[in-house]
Amino acid sequence: MSEQVGVQSSSLTERFPEIILPDSRTGYSGFLVKPENLVVVAQALRDEMGYDYLSSVTGVDYLPENKMEVVYHFYRTIGGGALVLKTQVDRENPVVPSLTPLFPGAEFQEREAWDLLGIRFANHPDLRRILTWEGFHGHPLRKDWKEPFFEEEAKPFKSRWPEGHVYRAEDKNPFHDNLQYPAGFDPEQWSPETDELLYAGLKRVDKSDDLLTEQVVVNLGPQHPSTHGVFRMVVVLDGETVVDLKPIMGYLHRNHEKIGERNTFLQNMPFTDRLDYVCSMSNNFGYALAVEKLMGIQPPERAEYIRVMMAELTRFLNHIFSIGFLLNDLGAFFTPMLYALEERELILDVFEAVSGSRMMCNYFRFGGVARDIPVEVMEKIRKLVFDRLPRKLDEMDYFITNNEIVRGRCEGVGVLTAERAIALSASGPVLRASGVAYDVRRADPYSIYDRFEFDIPVRYNGDIYDRYLLRLEEMRQSLRILRQVLKDIPDGPILSGKPQYQVRVPAGESYGRVEGPKGELGFYVVSNGKPNPWRYHVRAPTFINLTSLAEMCRGQKIADVVTILGSIDIVLGEVDR
Amino acid sequence: MGTESLNSPGYDIPPEMQSQVAITTLDKIYNWSRKNSLWPMMFGLACCAIEMIGTAASRFDFSRFGMEVMRPSPRQADLMIVSGTVTKKMIPQIVRLYNQMPEPRYVIAMGACASGGGPFKEGYTVVAGVDKFIPVDVYIPGCPPTPQALLHGFITLMKKIETQSLRSVPWYQKTPGEPIPIPILGPDLMDPRKFDLIKQVCSQREEQRNTEPEGESTHE
């Protein structure tokens, strides 16, 4: 894989000899480009070299060098490794040209970089705060920004151990709460944030030559039974038809990245569980891969098999759960969900037996997994994989797939074409249901996925029904992988080296990505050799998949919006982080 | 709960009538009916909501406790299960939902985050416990609490309801209760009840900054 990338990179430096410089810092890879040349290079990458998929956009605050860096990860949808492009600007008033006109999938990610790091993207169509709110003071991921409960730059805090002078965080704050305001701030002078900017950005249709009817703005959420959590959509309606839609998130923004940069590397593992809280095992997987890449270690054979086993069980669990939810959204209230949850409980029993917790498994370690699988649990998994789960899957297929209402409401609704899916950086089932056979497990194999026989299911209509069928088929393929894992799993150690609380991570950057059940889950980690990551960024698949929500919904009926959202399968813990 | 346990001691009912007649106090019968028909609001915030759904499903099945009717509208609910991390962006809505619930109303803080901030307490947009804004009846520890823990929380709430008296509950007083003022999103979350404190601290800091040599960071 690296050779292939090498060929491409030399052609890139040949194409832009003056403009592009290889990133020569130790532990870093990719290319540095000046902000003014960024758009030209990105266009050439897309149109001439086939890097049509902009996976991740994020910023890094290099405070000691007084630089802000924006990092772009480009991929080809035909597979292969990443091409990493970086551009550096001054920390004071950083402005970078926006790539949203070229790669619409960058829209939310650039808004996030603006919100959290204060990097302004010129030419961005809608540069508003996304995870915090308009009016929030400062840009929290900047290294000199301190949260109200700030204690020290990095953990472990001296107050905890070994001295152990523990105090309540509230005691040191003048408000005795998690609050801070700019000096001289007067709350009575504050005019509360209104959504005017948001409403102004919504499109309306021109109806001057038609019957003049009012176009209504409707807010769905954040407390709404079918938004899968605290998610809000603002919809412009012409009658029942959706004219425009804007998703609003951040209602569950838990500062994952800020906390992650204070934590030590290992302390982040349990936090990744809480990203996509339906499938914690896959989140562990991505983070473990990213850090292992930096550390240069390889887990032992048995651990690799256990990891794949857990990731595939998680995929099954997530997909059956999401199908249950989709049916909920279609109006089949809770009955299909009960069938789905029955299987979920059985898989959670396995997770509890191996990791000690039902949902927040915290099971992976750098270089292996935390505990071995007991013999009787292995037997349980075997029974599930060979007997129960395939049977229940067929049952679900039989009940739902040809149901007249399901077909009537799902076929041809919420269509996303292949070209748009790639442009909008959609991933996972959303991308594959639109006819793009892109699965990280095959396109850029990690762990031991190259040893197993399995197909990447693809559907071509890009509607809700195809997303449903694709998930069904993916569960079959997961079971196929699981059968091979159970047949081949060797005995042996489950962790390379001794278990340790503090890992030594050499300086450098790494991007670990896995095909999570919801799409490409990536972790971008920058280490400067200290016990804490300098930058810790999560490329959350559902966050980026939501970029295409508006496009899928335009022209559909309001009742279908809920179903379309269900078919994307979002989890707010991951969207908002 | 049969009529036997409803009957207040001291009143002898002939054995043949014990299954039909109970002599009891208003408090007792009120609490008895109240606690056996709690309607939770269908309201999920984060990870704990998934466990709440798990509790509603077949293995744990909280309809055994008379609470199978989950209502998405606060107007029809009398139990709010705050299931997950409460963020500053969400708390205005939570307070509004709480104000919209008809009395009598109860609140369960499910999980570490809702009880006190949990693992995300140090985060800049996390409210360190929903009880900073709305009164909580039962706290359930865990991250997330298992369905068994949630069921235990329900039973604890029922026990609490059993001990309430119509004379002392906050609803049914002479003057109606005030709604909780809805917090405002400013540079940070602002509780209208604390405007004076905010003003005072911020002006102090302004003075400090003016007297200090320039170029110092404003953050503490």
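Mentor: Ser478(A) counts as buried because its relative accessibility is 1%, where buried means under 20% relative accessible area, exposed over 50% and partly exposed in between (1.4 Å probe, protein chains only). This is a predicted model, in which local features need pLDDT of at least 70, side-chain atom pairs count only at pLDDT 80 or more, and totals for chains, interfaces and linings use all residues. Residues are numbered from 1 along each chain as its sequence is written, chains are lettered from A and ligands numbered from 1 in the order in which they are written, and side-chain values use heavy atoms, with hydrogens and water left out.

Trainee: Which helix is Ser478(A) found in?
Mentor: Ser478(A) is found in helix H15 of chain A, residues 464–488. Helices (H or I, at least four residues) and strands (E, at least two) are DSSP runs, numbered from the N terminus.

Trainee: And what does Ser478(A) touch?
Mentor: Not counting residues up to four places away in sequence, Ser478(A) touches Glu312(A) and Arg315(A); contact means heavy atoms within 4.5 Å. With Glu312(A) there is a polar contact between the two side chains, at 2.9 Å. A polar contact is a pair of N or O atoms within 3.5 Å; within protein, one must be able to donate a hydrogen and the other to accept it, and residues adjacent in sequence count only if both atoms are side-chain atoms.

Trainee: Changing topic: is Ala443(A) buried or exposed?
Mentor: Ala443(A) counts as buried because its relative accessibility is 13%. Ala443(A) lies in helix H14 of chain A, residues 440–443.

Trainee: Which residues is Ala443(A) in contact with?
Mentor: Leaving aside neighbours within four places in sequence, they are Gly79(A), Gly80(A) and Tyr438(A). The C-alpha atoms of Ala443(A) and Gly81(A) are separated by 8.3 Å, although the two residues are 362 residues apart along the chain.

Trainee: Now the strands. How many residues of S4(A) are buried?
Mentor: Eight of the nine residues of strand S4(A), residues 67–75, are buried, and the strand is mostly covered.

Trainee: What does S4(A) pair with?
Mentor: Strand S3(A), residues 53–62, runs antiparallel to S4(A) and is joined to it by nine bridges; two strands pair if DSSP finds at least two bridges between them. In this pairing, Asp61(A) stands opposite Met68(A). S4(A) also pairs with strand S5(A), residues 83–90, in the antiparallel sense over eight bridges. There, Val70(A) has Thr87(A) as its bridge partner.

Trainee: What is in the turn between S3(A) and S4(A)?
Mentor: The two strands form a hairpin with four residues between them, and Asn66(A) in the turn has a positive phi of about 60°.

Trainee: Last topic: how many residues of chain A are in contact with chain B?
Mentor: On chain A there are 69, in contact with 57 residues of chain B. The two chains bury about 5900 Å² between them, 64% of it on carbon and sulfur atoms; buried area is the accessible area (1.4 Å probe) that two parts lose on being put together, summed over both.

Trainee: How many salt bridges are there across the interface?
Mentor: The rule finds nine, a salt bridge being a side-chain nitrogen of Lys or Arg within 4 Å of a carboxyl oxygen of Asp or Glu. One of them joins Glu51(B) and Arg344(A), whose closest N and O atoms are 4.0 Å apart.
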